[in-house]
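Here is a short report on one structure.

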Amino acid sequence: MSSGLEVPGLLFADDLVLLANSPADLQLSLSGVSQWANFNEMSFGINKCGIMRFPGADPLESHWTWSLQSQTIPIVTQYTYLGIEITPSLELLTWTRNKVKKADRMRLAIRPVLASKTIPLNLRVLFVRALIESRLRYGCELVGFSLAQCRPLQLALNQALLDVVGTIGSGNTVFARLVLWLELDIPPISTSASVAMIRAYRKYQSLPSIVSDVLKAPSLRGQRPWGSSVRRWAASHKVDLDLPYLTKQEKLSIGDTLIGRYKRQNPTKALTYYLNSDLIQTKRFITKGTLYPQLAVGLTWLVRIRCSAVWTGARAASLGLIPPFFRHQCVCCGLTLTDSLNSEIQHLLVDCSQFYSIRQSSGLADLIHRVRQQFGLLLGLSLQNMLLGGATNSSLTLGTFWLNLHNGNPGCQPDFVSVATVLQLVMPVYMDFIWKHRRTSTKAWNLPQDGMGETPQDSLKRLIPSLMTRHQNQPILHVETLFENPANYFFPIRSRTHPALRNHRSVLELKKGAISN
């Protein structure tokens, strides 16, 4: 160091690191440690010890050997100290890769839980936080100033979030990452790492130990030490490092600054819609949805729609996946749509004639009537925004009624429950119907001679056993509310087209005569 101070070693609990400039100095230190251990009747685990040569140190001769309590210490090229993988080059790439591998192994181990549609969404998010995000964030103070170092960690976290809100093994999933982070209230790894880095620097510089002197070390051989990198990052982000500790308000401020910068650099349509509709104010419905485990599938669809992360007929047609006339036509009822992507979701929730009975049975029709009675005729996507928990351009919103219990909704349930109930029944049928029109290997459109093929009613009858998720032996909606005479219908149990229903068998019981397969 510039002050001439040398660090002979580091001690943390029962972990000891010895530093030396030459092989002879290292053996001298080992002899002193051995003498101390023998005097105190202690022994070292030699199988956990190792010697590593760093660039700039004297070269190691082949005849050199080091001993600790008369046991030979092996020479290693990689060593894990306090959970951090250290290499002779002192690069963090190996450490980052190992963290990603550990997170991926954990994600694959709990993947059935993350993708389960019978476990409440909030609990699956907590699994990600506790078992995956915590592993990725450990030691992230070291890379808080580098977006490049944080990127592999973020990709691993993103994959876990896709397992939660997406479909395993399906490529038919589109997500805007920042919107998903905001909706699930999981900050980016780079933001968490930067906050932890500032907190660590402020703490270390006030410690009465050698660490406070190490922070002031200048660059050596063209390499910028951690303390210098932190000071440079803090200067560019206007963060004061001289304060004694990091307050909660400062943590929020730093996080908001970094996320705001990310928003400006990645202005996606999904992010613009999410912010303009003020959907972020009602993201607590994920936590409240724990009280409705039978709606786990519907709440997942609600998250995806709020994040603009669902396929619609218009989106699939614009990419050439289904016939182009579906860009302005509902794939279910055939009605011509005046707008594109999001208007199709509003059409399904409000106007599509094929799902009229579902809206009536779930209470969504009463919610739509109440909104129109209170706010009048809403133009554009205003009605959709309110049904999804957002606000209109004139800041009209359902407020706490959308999130909390109230007397205006049948059964005194929150409004988001009615929306999730409809989505749980409608969206699998809607997705199934969209991809029926996908191109085949012969580049011909997969359309029957009548131009439309299976009707949404037929799809609903085919998929209804899986959609009628049961909780405490009570179905979400009785089949009688969907069809006039359910005893006359045969409900096939297995679906070859819907990936969520493959190899799925169950028994559907009807009040008016039991039908089983």
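A crossing is left-handed if the near helix is turned anticlockwise from the far one by less than a right angle, and right-handed if clockwise.

## Basis

This is a predicted model: local features need pLDDT of at least 70, side-chain atom pairs count only at pLDDT 80 or more, and totals for chains, interfaces and linings use all residues. Residues are numbered from 1 along each chain as its sequence is written, and side-chain values use heavy atoms, with hydrogens and water left out.

## Helices α4 and α5

Helices (H or I, at least four residues) and strands (E, at least two) are DSSP runs, numbered from the N terminus. Helix α4 covers residues 121–137 and helix α5 residues 147–165. Their crossing is right-handed. The two axes come within 10 Å and cross at roughly 165°. Axes are lines fitted to C-alpha atoms, for helices over the stretch in contact, and angles run from 0 to 180 degrees between N-to-C directions. α4 is therefore roughly antiparallel to α5. Angles under 35 degrees count as roughly parallel, over 145 as roughly antiparallel, 65 to 115 as roughly perpendicular and the rest as oblique.

Contact means heavy atoms within 4.5 Å. On the α4 side, the contact is made by Leu-121, Arg-124, Val-125, Val-128, Ile-132, Glu-133 and Leu-136. On the α5 side it is made by Leu-153, Ala-156, Leu-157, Ala-160, Leu-161, Val-164 and Val-165. The residues of this contact divide into 12 nonpolar, no polar and 2 charged. Ala, Val, Leu, Ile, Met, Phe, Trp, Tyr, Cys and Pro count as nonpolar, Asp, Glu, Lys and Arg as charged, and the others, Gly among them, as polar.

## Met-106

Met-106 is found in helix α2 (residues 93–109). Is Met-106 buried or exposed? Its relative accessible area is 18%, so Met-106 is buried (under 20%; exposed is over 50%, partly exposed in between, with a 1.4 Å probe and protein chains only).

Leaving aside residues up to four places away in sequence, Met-106 touches Leu-131, Ile-132 and Arg-135. Met-106 and Leu-131 are 25 residues apart in sequence, yet 7.2 Å apart in space, C-alpha to C-alpha.

## Helices α17 and α19

The axes of helix α17 (residues 364–375) and α19 come within 9 Å and cross at roughly 130°. The two helices are therefore oblique to each other. Their crossing is left-handed.

From α17, the contact involves Leu-364, Leu-367 and Arg-370. From α19 come Asp-415, Ser-418, Val-419 and Val-422. By class, this contact of α17 with α19 has 4 nonpolar, 1 polar and 2 charged residues.

## Aromatic pairs

Rings of Phe, Tyr and Trp (its six-membered ring) pair if their centres lie within 6.5 Å; planes under 30 degrees apart count as stacked, over 60 as edge-to-face and the rest as tilted. The count comes to 8 aromatic pairs. One of them is Trp-311 with Trp-435, edge-to-face, 5.4 Å centre to centre and 75° between the planes. Trp-311 sits in the loop between α13 (296–306) and α14 (313–318). Trp-435 sits in the loop between α19 (415–434) and α20 (456–467), 124 residues apart from Trp-311. Trp-311 is buried at 7% relative accessibility, and Trp-435 is buried at 18%.

Trp-402 and Phe-416 have ring centres 5.7 Å apart and planes at 50°, so this pair is tilted. Trp-402 lies in the loop between α18 (382–387) and α19, and Phe-416 in helix α19, so the pair ties together parts 14 residues apart in sequence. Trp-402 is buried at 1% relative accessibility. Phe-416 is buried at 1% too. Ring pairs link Phe-285, Tyr-292, Trp-402 and Phe-416 into a cluster.
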